Amino acid sequence: MAETVRNPLFARLYARVSERESAEQVEHRRETLAGLRGRVIEIGAGNGRNFGFYPADVSEVVAVEPEPYLRDRAGEAAARAPLSIDVVDAVAGALPFQDASFDAAVACLVLCTVPDQPAALAELRRVLRPDGELRFLEHVHAERQPLRAVQSFADASRLWPRLAGGCHAARDTLRAIEDAGFAVAGVRRFDFSPGPPLPALPHILGRATLGVRGSGGHPR
Ligand SMILES: C[S@@+](CC[C@H](N)C(=O)[O-])C[C@H]1O[C@@H](n2cnc3c(N)ncnc32)[C@H](O)[C@@H]1O
């Protein structure tokens, strides 16, 4: 059965809150997208918060968003954006695009939510050109206690995923990116929470290529 994503309450809340996000978060978005060029796919684009920050060298963005309310908001944001953005109804685990058809891919606060990280990352690998790159901005499982244990409990109890539209607080997304065969070419890890007392920290921001593994050192 085809995967559907319907989170009407969360979607409305996310759209409202993200429109008032901090200058720091806006800066993270800019940093994530800086230097991109060519044809770009963004998965789980939400209400299109990234659309205003794509550099001029990006010729086209294909923005995948399965949640209907957020997809409509993304369509509105695309109409205001200074570049061509096509908003598409699809899920990250089954991208309706040809192999090697994108120069770059963007995963921004979405690998916490997709139901199957390996499937989503495999799809990103498939649609990227061999010299393409993945840019990511994601919150991940903390190393320090007691936050780490709280995040594990929040996920295991299903409390956090239910509240936050399927989000998981305790995923090791950097490892998942590497396990999918990407070579992490640079990453920084920092504490940032979109608003206390959310368990969505720390964050990782970086880039990965389809090349040889281990070409860039990074902190764990
Ligand atoms: C926390 S929001 C982030 C939205 C946006 N990327 C941003 O940076 O503001 C997570 C997004 O992932 C989307 N999503 C959920 N399941 C998905 C899936 N299987 N494939 C792609 N996107 C999905 C949600 O609808 C939502 O838009």
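Visitor: What does glutamate 21 touch, not counting residues up to four places away in sequence?

Guide: Glutamate 21 touches Val26, Arg29 and Arg49, where contact means heavy atoms within 4.5 Å. This is a predicted model: local features need pLDDT of at least 70, side-chain atom pairs count only at pLDDT 80 or more, and totals for chains, interfaces and linings use all residues. Residues are numbered from 1 along each chain as its sequence is written, and side-chain values use heavy atoms, with hydrogens and water left out.

Visitor: Why does proline 130 get its accessibility label?

Guide: Proline 130 has 70% relative accessibility, so this residue counts as exposed. Proline 130 sits in strand β5. Leaving aside neighbours within four places in sequence, proline 130 is in contact with Ala100 and Leu210.

Visitor: What makes arginine 126 and aspartate 99 a salt bridge?

Guide: A salt bridge needs a side-chain nitrogen of Lys or Arg within 4 Å of a carboxyl oxygen of Asp or Glu. In this pair the closest N and O atoms are 2.8 Å apart. The pair links distant parts of the chain: arginine 126 is in helix α4 and aspartate 99 in the loop between β3 and β4, 27 residues apart. Arginine 126, at 25% relative accessible area, is partly exposed. Aspartate 99, at 52%, is exposed. By this rule the count comes to 16 salt bridges.

Visitor: How do you know that arginine 144 and aspartate 191 meet in a salt bridge?

Guide: Their N to O distance is 3.1 Å, and the rule asks for within 4 Å. Arginine 144 lies in the loop between β5 and α5 (147–156), and aspartate 191 in the loop between β6 and β7, 47 residues apart. Arginine 144 has 41% relative accessibility, so this residue counts as partly exposed. Aspartate 191, at 44%, also counts as partly exposed. Salt bridges that share partners join Glu21, Arg29 and Arg49 into one network.

Visitor: Why are β3 and β6 said to stand at the edges?

Guide: The open sheet has 7 strands in the order β3-β2-β1-β4-β5-β7-β6, with mixed pairing. β3 (84–88) and β6 (183–190) each have a single partner strand, so one side of each is left without a neighbour in the sheet.

Visitor: What makes β6 and β7 a pair?

Guide: Two strands pair if DSSP finds at least two bridges between them. β6 and β7 have 7 bridges, in the antiparallel sense. By contrast, β1 (residues 38–43) and β4 (residues 102–108) run parallel, joined by 4 bridges.

Visitor: Why is β7 called mostly covered?

Guide: In β7, 5 of its 7 residues are buried.

Visitor: Why does leucine 163 count as exposed?

Guide: Leucine 163 has 61% relative accessibility, and exposed means over 50%. Leucine 163 is in helix α6 (residues 159–163).

Conventions
Helix = DSSP H or I, 4+ residues; strand = E, 2+ residues; numbered from the N terminus. Buried < 20%, exposed > 50% of the residue type's maximum accessible area, 1.4 Å probe, protein only.
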